[in-house]
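These are my notebook entries on one structure.

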Amino acid sequence: MATIITDECINCGVCEPECPNGAITEGEDFYEIAPDLCTECVGFHGEEACQEVCPVDCCIPDEDNRETEEDLLEKAKKIHPDDSFPSLDELTNETSLFRNPDRKNANL
Ligand code: SF4
Ligand code: SF4
C-alpha cells in the first residue's frame, strides 16, 4: 500500500528530502508520491517519514494500492541495489511500519 498525498497539502516541501527513495516531487497542484518508488519506508523507518514531518498530516495510506511488507521490502532492495537491508524476519518497529503500533497513521 503506497502512501498518497491528499489535497490538504499546503506545498511546504518539508517531506520531499525526508523520503529515502526520492519518491516525492512537487506536482502541479500539490506534492506527489510516485507509487513505484514508495515503500512506505519499509527497510528504513518505522513509519512513513513524509507523514512524520507533514504539518497537516496529509500523507496517508492508499487503500487502493495495497502491498505486503515482503513486497515493500523487495521494492526497497530493487530501488537500492547496492545497499544491504535486514531480512523480513529481522525487520523491527524501527524499520517497518507493519511492526510499529505507535506510528501516526496506525489508526488509518
Ligand atoms: S512513505 Fe516513505 S517511501 Fe513512501 S513517499 Fe513517504 S517517505 Fe517516501
Ligand atoms: S509535508 Fe505535507 S503539506 Fe508539506 S509538501 Fe509534504 S505533503 Fe504537502
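Entry 1, contacts of one residue. I listed the contacts of Leu97 (C-beta atoms, placed from the backbone, within 7 Å). Leaving out residues up to four places away in sequence, I found that Leu97 touches Glu40, Cys41, Val42, Gly46, Glu47, Glu48 and Arg103. Leu97 sits in the segment after helix H2 (69-79); helices here are DSSP runs of H or I with at least four residues, strands are runs of E with at least two, and both are numbered from the N terminus. I then checked the burial of Leu97: it counts as buried because it has 26 C-beta neighbours inside 10 Å. The scale I used calls a residue buried with 20 or more other C-beta atoms within 10 Å of its own, exposed with 12 or fewer, and partly exposed in between, C-beta atoms being placed from the backbone. From Leu97 to Cys54 I noted 43 residues in sequence and 17 Å in space, C-alpha to C-alpha.

I am working from a predicted model, in which local features need pLDDT of at least 70 and side-chain atom pairs count only at pLDDT 80 or more, while totals for chains, interfaces and linings use all residues. Residues are numbered from 1 along each chain as its sequence is written, and chains are lettered from A and ligands numbered from 1 in the order in which they are written.

Most residues other than glycine have a negative phi. I recorded Cys41 with a phi near 65°, a positive value, in the loop between S3 and H1. Cys41 is buried, with 26 other C-beta atoms within 10 Å. Asn11, also not a glycine, has a positive phi of about 55° and lies in the loop between strand S1 (3-5) and strand S2 (24-26). Is Asn11 buried or exposed? It is exposed, as 11 other C-beta atoms lie within 10 Å.

I counted a residue as near a ligand if its C-beta atom, placed from the backbone, lies within 6 Å of it. Around ligand 1 there are 16 residues, of which Cys19, Cys38, Cys41, Glu48 and Cys50 come nearest. This shell holds 10 nonpolar, 3 polar and 3 charged residues. For these classes, Ala, Val, Leu, Ile, Met, Phe, Trp, Tyr, Cys and Pro are nonpolar, Asp, Glu, Lys and Arg are charged, and the others, Gly among them, are polar. Around ligand 2 I found 15 residues, with Cys9, Cys12, Cys15, Tyr31 and Cys54 nearest. Its shell has 13 nonpolar, 2 polar and no charged residues.

I took a core to be a set of buried Ala, Val, Leu, Ile, Met, Phe, Trp, Tyr and Cys residues joined through C-beta atoms within 7 Å. The largest has 19 residues, and Cys15, Cys19, Ile24, Ile33, Val42 and Cys50 touch the most other members. Strand S3 (31-33), helix H1 (49-53) and H2 each give two or more residues to this core; the largest share, 3 residues, is from H2. Beyond four places in sequence, Cys50 contacts Thr3, Cys15, Glu18, Cys19, Ile24 and Cys59.

I read 2 helices and 4 strands in the protein chain, in the order β-β-β-α-β-α. Of its 108 residues, 30% count as buried. The C-alpha trace spans about 40 × 30 × 25 Å along its principal axes.

Terms used
Contact = placed C-beta atoms within 7 Å.
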